[in-house]
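I set out to read this structure from its overall make-up down to single residues. My entries follow the order in which I looked things up.

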Amino acid sequence: MTDKTARLEKKLSQAIEARKALEEARKQQVDTLTEFASKLTLGCKGQDVSLDNLLAKYRSALAKGMDFEHLAPLIENTSAQLKQLDSTNSANHRSLVTHIQTAGKQLQKLRGVPEDTRRKLRSLLDNELGDIDAIPEFVPLLDKLLQFYLQVFDAKYDIDTSTQHNDPELATELLGLTNELVFEDDVADEVKAIKQRISTDSSIDSLLENAIAVIRIFAKSIARERQSAQGFLVSLNQTLEELHKSIVDTTSHSKSINKELNALNVRIESKIKRLTENTQKASSISELKGLVDDELAQISKDLVERETIERRDKQALLESFDAINSRINVLENKVNTYKKRLNEQRFKSLLDGLTKLPNRSAFDDRYSQEFHLFEIQSNDVTLVVVDVDHFKSINDKYGHSAGDKTLQVIARALKKSIRKTDFIARYGGEEFVILMPGMPIEAAYAPLEKIRATVKSIPFRFKDKEVRITISLGATQLKEGDSKLTAFDRADEALYEAKNSGRDKLCLRE
């Protein structure tokens, strides 16, 4: 190879390397620009749905490394959409400026505007409004304008409490929620007073005040329960630490005693070994007797010491085990006490506060159990939905306290009228549900008719007027292929059929 050829090869190699470096640098630049363009499209997101779709396609194309000839139509469409959006934004900008100026000038014309508010409003209209370049910048400006309106409203108007708005439906809902909540016995009188106020005063201010009162009681109850739980955990942790210390001390003591006994055993074995050796070396009976007496006395002394150590160890172990058992008993009592409290709370949480019947959560649990048994055994189960007729009119005419009393009386009547194996719950509002396991639908008609007639015969008196209260019932039987929802819906349809056909009726739906 000539020198000229070698130089050419070297130059060619250098040119190839330079080309590679150039292409690598270009690739990095393209990647950087691609990533930057993708991030820019994300910054435009949320302004227009059509633009969002186009930008999503554009980002997807960039991620796939699509050729420019395929990107060009996307870029062209996106540019057109951006141009249209810019035009829309400009129009919106002008419209916002006009509306703010109009609103501000109308506010300035009102009499009684505080001077400080008037001065700030003038500054907003004359200076701040002109500095707005983008629509998002209007947000703090509009917030300021709203604050000016509120200040003028507060300065110019007083609320007339004699014309407060009443909301009976909201009062009914609040009363229902209060009845469903579980409170401790020590606040029963306070809760009763709140319910009475809700029943007699349905003004918005009164309802708000009573709602806050209920929330405060409930919050205190939660805080007290949390404190009780924390106290239990602290006490439990302290007892466990004491128990752990007792076990560690006992283990440490046992190790120490074992070490002492091992040393004593070695000493005894050594003396026995020495006695054996000396016995073999003894040349006369008198010498042998002297050796044996002396060594046996020493061994006997060691054995007595060993017995003393073992007795002391046994006594210490017994005392330690007594202490451990005592702490375990304390721990067990604390756990059982807290478990009992939790069970009581769970029972209360499954009980309707007004009627003292199981609530909807309790029904859901029992319904799931009965449905599971039905799927396994295909036994007869009748599901009944009960509704008090014209209950709203009772609340409207005689007050919520009369409605509460009605529900309590009906609940007691229903509970007395069903079998021990049946399950009844307050489902919500004026609606009750009954589960009748082992009862086919055709056999359920007679006892359910008796329940309807029993409630109808109850003498209700409100404000010295005798009022007849009736119930409507819809019943169905669980059948193969049912879900819990479809079976309940079928019973509900039967109930509506009873109500639509004149109420005070029982309808069965197979």
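**Entry 1: basis.** I note that this is a predicted model, in which local features need pLDDT of at least 70 and side-chain atom pairs count only at pLDDT 80 or more, while totals for chains, interfaces and linings use all residues. Residues are numbered from 1 along each chain as its sequence is written, and side-chain values use heavy atoms, with hydrogens and water left out.

**Entry 2: the whole chain.** I looked up the secondary structure and found 14 helices and 7 strands; these are DSSP runs, numbered from the N terminus, of at least four residues for helices (H or I) and at least two for strands (E). Of the 510 residues, 33% count as buried, that is, under 20% relative accessible area, with exposed meaning over 50% and partly exposed in between (1.4 Å probe, protein chains only). The accessible surface comes to about 33,100 Å², and 54% of this belongs to carbon and sulfur atoms; the areas come from the Shrake-Rupley method with a 1.4 Å probe. For contacts (heavy atoms within 4.5 Å), I read that residues 24 or more positions apart account for 68% of those with a separation of 6 or more.

**Entry 3: the cores.** I searched for nonpolar cores, meaning sets of buried Ala, Val, Leu, Ile, Met, Phe, Trp, Tyr and Cys residues joined through side-chain atoms within 4.5 Å. The largest has 35 residues, and Ile410, Phe432, Leu448 and Ile471 have the most contacts inside it. Elements giving two or more residues to this core include helix H11 (391–398), helix H13 (441–456) and strand E4 (460–462). Its largest share, 7 residues, comes from H12. A second, separate core of 19 residues includes Tyr367, Phe371, Val381 and Tyr427. In soluble globular proteins, nonpolar side chains tend to be buried together.

**Entry 4: strand E1.** I found that 8 of the 8 residues of E1 are buried. Val381, Leu383, Val385 and Asp387 point one way, and Thr382, Val384, Val386 and Val388 the other. In a regular strand the side chains alternate between the two faces of the sheet. Two strands pair if DSSP finds at least two bridges between them. E1 runs antiparallel to E3, joined by 7 bridges, and Asp387 has Glu431 as its bridge partner there. E1 is also antiparallel to E6, again through 7 bridges, with Val386 partnered by Leu473.

**Entry 5: helix H14.** I checked the length of H14 (residues 484–500): its 17 residues should span 24 Å at 1.5 Å a residue, and its end C-alpha atoms are 24 Å apart, which agrees. The expected span is 1.5 Å times one less than the number of residues. Among its buried residues are Phe488, Leu495 and Lys499. The buried residues of H14 pack against elements including helix H10 (360–377) and strand E7 (506–509). Gly502, which follows H14, has a positive phi near 120°.

**Entry 6: the rings.** I counted 8 aromatic pairs, taking rings of Phe, Tyr and Trp (its six-membered ring) with centres within 6.5 Å; planes under 30 degrees apart are stacked, over 60 edge-to-face and the rest tilted. Phe371 and Phe374 form a tilted pair, 6.0 Å centre to centre with 50° between the planes. Both lie in helix H10, 3 residues apart, about one turn of the helix. Phe371 counts as buried because its relative accessibility is 6%, and Phe374 does so at 9%. Ring pairs link Phe363, Tyr367, Phe371, Phe374, Tyr427 and Phe488 into a cluster.
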